[in-house]
Amino acid sequence: MTATAPVRRRLVIGNWKMHLTGAEATELVAAISAGLGELGAEVAVAPAFPALAPAAEEIERRRSPLRLVAQDVFPEPEGAFTGAVSAGMLAAAGCSHVLAGHSERRQIFGDDDRAVRRKVEAVLGAGMVPILCIGETLAERDAGNAESVVGRQLEAGAAGLPEAGLGTLVIAYEPVWAIGTGRTATPETAESMHRSVRQRFADLAGEERASRAQILYGGSANGDNAAAILAGPNVDGVLVGGASLRAESFLSICRAAG
Ligand code: PGA
């Protein structure tokens with residue numbers, strides 16, 4: 001498939017997790033925007049909910065090409081759901097993308113495949129792009145089940161979505177054992193998993209859509225390893241946690257992505 005695949009635009013996302021106040025987010029948006037220059041890749045940041053509006057204002061003020069991503073969403077449109085934030089609210093705050101099923105949401109907050117699917121649908125319903133996060137634990141990898149676990153998560157999140165949704169979905173392969181551990185997947189492991197994810201997605205969405213889908217790698221990506229990981233023909237970008245919290249390290253990953 002790769003020999004005839006269309007050119008996919010690379011996407012680099014900084015997932016700030018539960019870090020940075022609004023004021024700190026504004027500062028980091030300013031520093032990243034100032035250093036971006038003329039990059040071919042799409043670049044985005046995912047601040048915590050209270051920092052979305054200040055980040056959006058700074059992006060607007062600087063006419064920055066940075067895109068805004070939300071880290072999570074609650075799938076109901078509105079109502080008595082104390083503490084929750086809807087997809088419509090995120091779109092109104094300036095988000096273009098929303099993460100669904102990050103492994104920290106799955107492991108710490110109990111999001112199961114069904115909940116993740118509802119989030120994907122809510123994000124699409126609000127006109128944004130869902131980033132479906134999938135990945136195996138170390139025990140699942142050691143048991144030889146990495147591809148089947150990831151395949152199951154992909155199918156639960158994407159099978160039977162409307163065509164437009166299948167056409168815009170972004171997939172993030174993030175092996176749980178590589179997130180925040182400093183233990184990155186080797187470029188070979190990342191590429192082989194991405195190839196398998198793309199094949200699986202082709203079964204669900206057709207060859208054409210699968211060949212256009214952006215599949216990102218996440219898990220201890222940094223300025224030193226990003227270029228090697230991105231060299232994999234099926235690796236279309238990176239979802240960066242720790243290394244996205246400082247402008248210089250994040251920008252070096254953005255530069256590696258072109
Ligand atoms: P990490 O996080 O880069 O700190 O491993 C990646 C992620 O959780 O998206």
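1. A polar atom in the side chain of Lys-17 sits 2.7 Å from an oxygen atom of the ligand, a polar contact in the sense of a pair of N or O atoms within 3.5 Å. The model is predicted: local features need pLDDT of at least 70, side-chain atom pairs count only at pLDDT 80 or more, and totals for chains, interfaces and linings use all residues. Residues are numbered from 1 along each chain as its sequence is written, and side-chain values use heavy atoms, without hydrogens or water.

2. The side chain of Glu-174 also places an N or O atom 2.7 Å from a ligand oxygen. For Gly-241, a backbone N or O atom is 2.8 Å from an oxygen atom of the ligand. On its own, the ligand has 280 Å² of accessible area (Shrake-Rupley method, 1.4 Å probe), of which the protein covers 95%.

3. Around the ligand there are 13 residues, and the closest are Lys-17, His-102, Glu-174, Gly-180 and Ser-220; a residue belongs here if one of its heavy atoms lies within 4 Å. This shell comprises four nonpolar, seven polar and two charged residues, with Gly counted as polar.

4. Helix 1 (residues 22-36) has 15 residues and should span 21 Å at 1.5 Å a residue, which agrees with the 21 Å between its end C-alpha atoms. The expected span is 1.5 Å times one less than the number of residues, and a helix is a DSSP run (H or I) of at least four residues.

How values were computed. A polar contact is a pair of N or O atoms within 3.5 Å; within protein, one must be able to donate a hydrogen and the other to accept it, and residues adjacent in sequence count only if both atoms are side-chain atoms. Helices (H or I, at least four residues) and strands (E, at least two) are DSSP runs, numbered from the N terminus.
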